[in-house]
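Have the structure open as you read.

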Protein chains: 4
Amino acid sequence: MSFTLQQNQLLSPLLGDEEITGLFSVEADLAAMQSFEVALAIAQAKEGFISREAAQTIEENIGQFKPNYEKLGLGMARDGISVPALVTQLKEQVSPNIHFGATSQDAIDTSFMLRGKATFLILLSRLENIFEHLDTLDAAFGTNKLMARTRMQAALQFTVADRISTWSTGIRESVAALKSCRFPVQFGGPIGLLIEFGDRSYALKADLAERLGLEVQEQNWHASRGNIVAMANACSHITGALGKFGIDFCLMAQDDFSELKFTGSGTSSVMKHKQNPIQAEALVTLARFNATLVSGVHQSLVHEQERSGAAWTLEWMLLPQMIVAAGASTRIAIQLLNDTTAIGLEP
Amino acid sequence: MSFTLQQNQLLSPLLGDEEITGLFSVEADLAAMQSFEVALAIAQAKEGFISREAAQTIEENIGQFKPNYEKLGLGMARDGISVPALVTQLKEQVSPNIHFGATSQDAIDTSFMLRGKATFLILLSRLENIFEHLDTLDAAFGTNKLMARTRMQAALQFTVADRISTWSTGIRESVAALKSCRFPVQFGGPIGLLIEFGDRSYALKADLAERLGLEVQEQNWHASRGNIVAMANACSHITGALGKFGIDFCLMAQDDFSELKFTGSGTSSVMKHKQNPIQAEALVTLARFNATLVSGVHQSLVHEQERSGAAWTLEWMLLPQMIVAAGASTRIAIQLLNDTTAIGLEP
Amino acid sequence: MSFTLQQNQLLSPLLGDEEITGLFSVEADLAAMQSFEVALAIAQAKEGFISREAAQTIEENIGQFKPNYEKLGLGMARDGISVPALVTQLKEQVSPNIHFGATSQDAIDTSFMLRGKATFLILLSRLENIFEHLDTLDAAFGTNKLMARTRMQAALQFTVADRISTWSTGIRESVAALKSCRFPVQFGGPIGLLIEFGDRSYALKADLAERLGLEVQEQNWHASRGNIVAMANACSHITGALGKFGIDFCLMAQDDFSELKFTGSGTSSVMKHKQNPIQAEALVTLARFNATLVSGVHQSLVHEQERSGAAWTLEWMLLPQMIVAAGASTRIAIQLLNDTTAIGLEP
Amino acid sequence: MSFTLQQNQLLSPLLGDEEITGLFSVEADLAAMQSFEVALAIAQAKEGFISREAAQTIEENIGQFKPNYEKLGLGMARDGISVPALVTQLKEQVSPNIHFGATSQDAIDTSFMLRGKATFLILLSRLENIFEHLDTLDAAFGTNKLMARTRMQAALQFTVADRISTWSTGIRESVAALKSCRFPVQFGGPIGLLIEFGDRSYALKADLAERLGLEVQEQNWHASRGNIVAMANACSHITGALGKFGIDFCLMAQDDFSELKFTGSGTSSVMKHKQNPIQAEALVTLARFNATLVSGVHQSLVHEQERSGAAWTLEWMLLPQMIVAAGASTRIAIQLLNDTTAIGLEP
């Protein structure tokens, strides 16, 4: 699963996230699938399912592997996944013992989990950064007066600290959603049974998971996509919580309100006097984008039989985009908080 | 929040859920809001914010309260919420001390949480029931042969137990999503500050929560809707996991497969020989329905300022429907498992 | 298809539409299905497929038909549609010759088209009414000064007429979407072929359509749901165009802007000074509601084989709600335009 | 608007569309914006708003324009659009008279319309091609017997021609949706008024439109996004109609049915005997993808004031992807029809 959004040279500076997009490049996908194959070989050698020599060969040769991208593309068009073509190349260039007992979905889902986990660590760290920025703003402007507004009408006066506290509450909820995500290895073989490994199958899977820094689950999740849905939910929750901050920012920055001052703002091609809250608007856009896409990931829970090409492929088209959007949202929020030079009125 | 779906006399027998729909009737909503007001009065009396006599009056008189529905409706059309009109009636009929320091959203959100929690206990219990039925089927037919199918093609043979295990895994994931839902009281007053209650505000809120059997959160969540989104996610996860069971059921019941036999099936107005897997199709429908609606609940995370009429009202139009759909889905799945008389081929 | 939303006594005064909800009541659905059966019988008698006496009996007896709702509900739960149970009752009470050569979907889809067409005439008329109100506002305040705003920042000054013109443009686009909807009769028999009627099948269908005031299409559309999608698109376009008006209204009504004055506004249970733009917020809510649900109607285009219970039923759960939301949106917009007492600043 | 999907080297061979993706590349976007600027200059010279020499200079120099991509990217991040930075470069390298009286949105929306129109011609042509393929299959296998199936159960026997006719009906409906799309020029200046051009503004716009092969509309559509929504609807309709064909293909190709034979199918990395209907599954995926994304485009109808950065940017993130998905869907359907070697049973 390496679908990348926001690669566009013109749009990515606004809506993209270089660091996270990198994790969903073709190269990163292939690298993660190779990590899976190597860890699998080592674990299998330890349990005696392939020879120690075979595992060593795989571990040593993998660095020299040169994917033939054209053949991978042809394989994708024919097989709906690149793994059969990739495994053919790996068997030729690396070792015939690679990918033993595994199915394509094992490599693809595990590759996604490896990069999903890496992403989520980045997101968590950025969200912590956002809390620090909010604390800084609170320290600087928390006691300033601000009009509380309900139903888009002035309600009663409160303080900047009160508004910041609402932002923090919402973002903290999204952190909890993020922390509820699981990143288990996928290993089930063609129909999920790991028949070749008999009563050692769970031990083998657990060892594989540990080598990859992933969790292990009793059952395969080829057709049970709760881990995927949880990630989609968390990404949309993050963009939603930051979208709430974004719309508040836009409203506070309205000329007639003057509740907020910021630098680094957008300019107009014609109206030079304007200072547009571009980044705050982008937070709203990203929130609505993910709130749209999350629907499709839930649709893909209707995953027929042991493996649904239709439902599984839909995940690839949606989830990486949602993750990049969540990344972009955190990146932009940090920038926006950095660029904020005043909130509220001095008391 | 008492929007009821599936009230339709003709459609509710298929797509509705009488028990859960009842929890989202106007009457149940009003009853829950009254419970909130009574518990609030008692907690406030204990803390000395209103007199013990006032609280006692409220507790005693609430049973005689007769809502004037016409005026509530007029209030709704004017105010966008029924609470101002309701509080006027409560103050007249019950006590002028009712609703002290509270805002409409406190009553509405808490009422929803009370009924949300009741619903989720029902859902959990039904999901347990589903696991029992799956165990029964497993005991009866688990060793039968079944063709594992990937990408809608026969893959390799496995057993009925293997297929049932996949269903269980998916449903168990949805149970985890359900268990991650929080049901906190809402109590913040007009702009979330509970100013009237000074440093006793948290203690008061905690006491209120305990009397209602709800959780307490440090901050108000007037504009931080993570609890709402978590519920929507869980409902869609449940219908999605059961939708996967539903589509598998439909595919197994295909004439040419004969992998599954069932009773209680649908008939055709013309083709008398047909046995339609109506309930299994309905599981797919309900999954796609909730996967559609979940998007709107995520959209409502973009909740501007201290209270957004636009975003909040959208929750009312979506979430109760999603909850009823989740209820209907569990009800139908139990029926379908009950009606299943054979799976797979004897070994 | 008679799923009614917004039946809720408390919510419907704000979010419902009594006139259009009535068209989607169980009674209206049954009445429309009876109209279909009567027109079918008359057309069939004319072509000689049933006797003139039979048709006359059907026409005369239909007025006395008393549906047994309990049995219809049981039929729904069993068959996924109420028509088999309904036809049984009609054959008993009215005539055994009723429903000849038809399938349940013919009655259900045609009933929906009859009520869809009635709804759309109401919507068109209300949209005309909205244009009149906009003209009235334009006449009264068109030359007033108003700040044009882009990206939520003051741009350059223009006039109220300019802003009104934008609203009109958007609403006119939604009228075009509405006018592109087709309302054809559905008549195909069990598998769409109308075998019983040989080379007279198209003539029969055309005659049936004419009697019902519907269009006729060469092919049955049992599994080709473009007519349904077009209606969903139009409803969401209407609520979207009026949602644009709603958000502009909310922004203009902000205290610090004072660009708009209105009466009939919402009150707060606590903050008596507030004048909330409840109806304008509701327009935004309804826009986001329909923009959410339209997704599910598009999902139901994936309608397998000759009739998909899963996809077809999903339409019932979504489209009537969307139509009522479109109705509510037009109703609210008219009210809001009526209640608007000033826009912009006198020049 | 040049957001490109399916650029991924591994996924695009399955899910992408090289021809249409090319139309949404950065280069194609910049080229189309330059066409807009040139046509605008020529039209303005004709009407006397800029000198003929200025227009000639623009026309002659545009071919030598070398965009500085880095500065465009920086502009995008700062301004939310690349046009201010682009215009700066164009004024420096081409002529200071370029972009006179226009606003960024004029260039961006018109660029999108130019490429939208080009895409839609491609789609129309491919859909015609699909009808030809269906005719070919009908000629070859139309009289073969096939089981009609409703609610996933065998109904009655009909012929392959009957099933093909249903496919055609659905696809023809999507062609009608496509043909209802309008491709007007966008030209309104900063706040939509074209003040600089007085009573010649419509004539100028009409001339500009004609030079670009686009339509002209009386009003600007900066904040009235019906043209965008119509395109999104049509794209989702196309993928939906072909998704119906895709799911039917998958079901017919099931081993136990043997109703359809095809070549060019997918292989499994492990189960060599399998013949997976990869392309048919992809049609279902693309249908569900567009049915998901269409929701967000409808959400963006809530476009506040004269220009909403939040709503407009959301279109960029969704619509190009939907168009590419529609393209991929037509490409795959043609391939699939080509690869179909038998349908139904000989009579």
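## The hairpin in chain C

In this predicted model, C:Arg151 takes a positive phi near 55 degrees in the hairpin of strand 1 and strand 2 of chain C. Two residues lie between the strands of that hairpin.

Strand 1 covers residues 145-150 of chain C and strand 2 covers residues 153-159, and the two pair in the antiparallel sense over five bridges.

## Where chain A meets chain B

Now turn to the interface of chain A and chain B. Here 60 residues of chain A are in contact with 60 residues of chain B. Together the two chains bury about 4,900 Å² between them, with 55% of it on carbon and sulfur atoms.

Polar links cross this interface too: 26 residue pairs are in polar contact, both residues at pLDDT 80 or more. The rule also finds two salt bridges between chain A and chain B. In a salt bridge, the side chains of B:Glu306 and A:Arg163 meet at 2.8 Å, N to O.

## What chain A brings to the contact

Which elements of chain A each supply at least two residues of the side that touches chain B? They are strand 1 (145-150), strand 2 (153-159), helix 8 (160-179), helix 10 (226-252), helix 11 (278-299) and helix 12 (309-339). Helix 10 of chain A gives the most, with 12 residues.

Sorted by class, the side of chain A that touches chain B has 23 nonpolar, 24 polar and 13 charged residues.

Note on methods. Residues are numbered from 1 along each chain as its sequence is written. Chains are lettered from A and ligands numbered from 1 in the order in which they are written. This is a predicted model: local features need pLDDT of at least 70, side-chain atom pairs count only at pLDDT 80 or more; totals for chains, interfaces and linings use all residues. Side-chain values use heavy atoms; hydrogens and water are left out. Two strands pair if DSSP finds at least two bridges between them. Helices (H or I, at least four residues) and strands (E, at least two) are DSSP runs, numbered from the N terminus. Contact means heavy atoms within 4.5 Å. Buried area is the accessible area (1.4 Å probe) that two parts lose on being put together, summed over both. A salt bridge is a side-chain nitrogen of Lys or Arg within 4 Å of a carboxyl oxygen of Asp or Glu. A polar contact is a pair of N or O atoms within 3.5 Å; within protein, one must be able to donate a hydrogen and the other to accept it, and residues adjacent in sequence count only if both atoms are side-chain atoms. Ala, Val, Leu, Ile, Met, Phe, Trp, Tyr, Cys and Pro count as nonpolar, Asp, Glu, Lys and Arg as charged, and the others, Gly among them, as polar.
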